[in-house]
Amino acid sequence: ASKRRTYLQGFLLDPSLIPAEEHITDVDCLKLGIERDAMNLPKLISWEQYYALRNIPLRSPVALLCTFPLSFFHAIRCHGQVPVTVARMLRRRLRIHAVGVEKEMNFLDLFAELGYLLPKELEVELTFIVREDMLPPKAADRDGGFDIKLELTSNLTLLVKSGTYGGDLDPHFDVGSGSPDLIVGLNAGLFAYSSWKSVISFLHSNKNVVGVFTDYNEWSGTNCASLGGGKSRQSLSINPFRQPVALPVYCMNIPQMSNSFMYVFNEQHLDDYN
């Protein structure tokens with residue numbers, strides 16, 4: 001965050017190995033037989049399919065970084081139908097609050113890929129909430145905080161706000177343009193930090209807000225999902241856009257990857273409103 005890198009610089013790869021800075025089209029999807037869902041989002045289900053859609057050779061390592069924007073995309077596609085519908089009915093942007101942000105701060109411009117995958121008519125305001133102790137000293141302003149606004153694509157605005165979600169930051173008034181439609185936390189580990197208590201409390205008190213989280217392994221994901229109740233625990237699933245490299249684990253002999261499993265709090269379905 002102290003030295004912002006461009007889309008191309010963020011990947012640090014030969015341009016032929018990274019996605020082009022452009023929106024996907026219906027023609028792109030038709031060539032590969034990829035259908036669109038009710039929200040007009042392409043039904044991407046694997047890295048192989050994504051690579052083909054974005055015309056990237058399979059030898060490209062972009063999945064190591066794109067696991068972050070693609071996990072956001074997967075969260076919206078699988079669990080965002082009601083939030084997207086509500087935002088469209090109110091004729092405003094879909095508001096996503098990203099909590100527990102850490103390493104994502106190192107490649108902000110790469111999240112343009114999320115905007116390129118989403119339909120142009122779906123406008124999104126994505127706000128990263130980062131704890132002040134996670135900011136590099138050069139990134140903080142004179143008051144110790146940090147606020148930036150990036151127009152990454154025509155339909156995606158990225159905001160960064162420093163503070164503690166549900167602590168010194170009121171999710172309804174202090175984050176972005178208003179209350180969230182969707183809260184996302186990548187590699188959350190809800191039992192690991194006390195700061196997650198305020199996020200969980202907010203979701204328990206605001207059942208109309210959907211919360212989607214990823215975790216490194218199934219054991220942690222199952223236990224953390226239980227904080228949202230039985231339905232959240234049952235929602236645990238493998239994230240097809242997990243980072244395709246196993247992480248070393250010395251304390252337990254189980255598979256572990258970045259964004260490996262996904263689960264949801266306050267799952268909502270359009271049928272519930274009929």
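Is Cys224 buried or exposed? Cys224 is buried, since its relative accessible area is 2% and burial requires a value under 20%. The structure described here is a predicted model.

**Cysteines**

- A search of the whole structure finds zero disulfides.
- The closest cysteine sulfur to that of Cys66 belongs to Cys29 and lies 16 Å away, which is too far for a bond, because a disulfide calls for two cysteine sulfur atoms within 2.5 Å.
- Cys66 is buried, with 1% relative accessibility.
- Cys224 likewise counts as buried, at 2% relative accessible area.

**Helix H5 and its surroundings**

- Helix H5 spans residues 81–89, and Val82, Pro83, Val84 and Ala87 are buried within it.
- The packing partners of the buried H5 residues are helix H4 (63–79), strand E1 (94–98) and strand E6 (210–215).
- An α-helix has 3.6 residues a turn, so residues three or four places apart point the same way.
- Met89 also belongs to helix H5, but this residue is exposed, because its relative accessible area of 65% exceeds the cut-off of over 50%.
- Together with Val86 and Leu90, Met89 forms a nonpolar surface patch of about 310 Å².

**Asn187, a buried loop residue**

- The loop that joins strand E5 (182–185) and helix H7 (196–205) contains Asn187.
- Asn187 has a relative accessible area of 12% and is therefore buried, given the limit of under 20%.
- A polar contact of 3.0 Å links the side chains of Asn187 and Ser258.
- The Asn187 side chain also reaches the backbone nitrogen of Asn259, at 2.6 Å.
- When neighbours within four places in sequence are set aside, the residues in contact with Asn187 are Phe68, Thr214, Asp215, Tyr216, Ser258 and Asn259.

**Met134, a partly exposed loop residue**

- Met134 occupies the loop between strand E2 (124–130) and strand E3 (147–153).
- Its relative accessible area is 34%, so Met134 is classed as partly exposed, between the cut-offs of 20% and 50%.
- Met134 and Gly163 are 29 residues apart along the chain, and their C-alpha atoms are separated by 9.9 Å.

How values were computed. Residues numbered from 1 in each chain as written. Predicted model: local features only at pLDDT ≥ 70, side-chain atom pairs only at ≥ 80, totals over all residues. Heavy atoms only, no water. Helix = DSSP H or I, 4+ residues; strand = E, 2+ residues; numbered from the N terminus. Buried < 20%, exposed > 50% of the residue type's maximum accessible area, 1.4 Å probe, protein only. Contact = heavy atoms within 4.5 Å. Polar contact = N/O pair within 3.5 Å; in protein donor to acceptor, adjacent residues only side chain to side chain. Patch = residues over 30% accessible without salt bridge, like charges linked within 9 Å, V, L, I, M, F, W, Y side chains within 5 Å. Areas by Shrake-Rupley, 256 points an atom, 1.4 Å probe, with all protein chains shown as cover. Salt bridge = Lys/Arg side-chain N within 4 Å of Asp/Glu carboxyl O.
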